[in-house]
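Have the structure open while you read.

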Amino acid sequence: MGKGQRLRTARHATDVPVDEVLRELERLYPHARCELHFRNPFELLIATILSAQCTDKKVNEVTATLFEKYKRPEDYLRLTQEELEREIRGLGLYKNKSKNILATCRILHEKHNGEVPRTREELEALPGVGRKTANVVLSNAFGVPAIAVDTHVFRVANRIGLAQSDDVRETEEQLMAVIPKEKWSQAHHWLIWHGRRLCTARNPRCSACPIRPHCRYARETLRAATGPSG
């Protein structure tokens with residue numbers, strides 16, 4: 001894929017220099033990584049379930065204590081749902097997350113010998129685990145190439161023009177089509193870091209963004225500001 005890689009959707013086609021965008025993201029964020037704290041696949045699975053509609057920083061504050069107390073699925077299964085709720089009460093949706101974590105731990109204990117499964121199908125069969133969470137675990141715990149489309153990846157990819165879709169799954173498929181497979185996992189982190197540091201949901205820092213010359217959103221914003229003759 002070179003400059004001018006074409007990304008086609010049912011609605012339109014757009015020219016995006018994918019390789020240049022990826023090189024710039026890599027230059028900006030050479031140490032980009034998962035910002036959830038974990039020491040093994042099980043901790044990453046629990047942390048990712050907890051991260052729904054929460055910041056990684058807040059999740060890390062809760063898991064700093066949680067992971068010292070409870071290290072295996074069997075440890076969680078000694079808790080009632082109400083007891084686990086008290087442990088994670090500082091996080092949003094804590095009641096539903098407690099229910100899902102206990103149900104997931106029971107399946108891990110009864111069907112997987114306490115281990116986190118390594119296939120997407122088995123991961124997505126766990127309560128509280130959707131495609132995004134499965135991709136996070138596959139990529140960060142097991143080194144399987146994957147692009148987890150969270151709110152940052154969805155926003156940034158569609159703003160830049162790497163994708164053009166209102167649908168999360170379609171955005172993932174479009175990204176997989178234009179990004180080399182060996183870069184899927186790292187590109188996922190680059191997009192997240194860019195979304196948290198420059199391409200924020202509100203008031204994106206376009207003037208400070210090195211990707212601006214390649215970004216569809218920046219071009220459209222400039223066109224709207226200057227008018228058709230600007």
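Cys34 counts as buried because its relative accessibility is 17%, where buried means under 20% relative accessible area with a 1.4 Å probe and protein chains only. This is a predicted model, so local features need pLDDT of at least 70, side-chain atom pairs count only at pLDDT 80 or more, and totals for chains, interfaces and linings use all residues. Residues are numbered from 1 along each chain as its sequence is written, and side-chain values use heavy atoms, with hydrogens and water left out.

How many disulfides are there? The count is 0, taking a disulfide as a pair of cysteine sulfur atoms within 2.5 Å. Here's how two of the cysteines work out:

| Cysteine | Closest cysteine sulfur | Distance | Relative accessible area |
|---|---|---|---|
| Cys34 | Cys54 | 15 Å | 17% |
| Cys215 | Cys206 | 6.2 Å | 9% |

For Cys34, that sulfur is too far away for a bond. Cys215 is buried too, and is in no disulfide.

Cys215 and Cys206 also turn up in the lining of the largest cavity, along with residues including Ile160, His194, Arg205 and Tyr217. A cavity here is a set of points on a 1 Å grid over the protein atoms alone where a 1.4 Å probe fits but cannot get out, and lining residues have an atom within 4 Å of a point.

Key. Buried means under 20% relative accessible area, exposed over 50%, partly exposed in between (1.4 Å probe, protein chains only). On a 1 Å grid over the protein atoms alone, a cavity is a set of points where a 1.4 Å probe fits but cannot get out, and a pocket is an open set with protein on both sides within 12 Å along at least five of seven lines; lining residues have an atom within 4 Å of a point.
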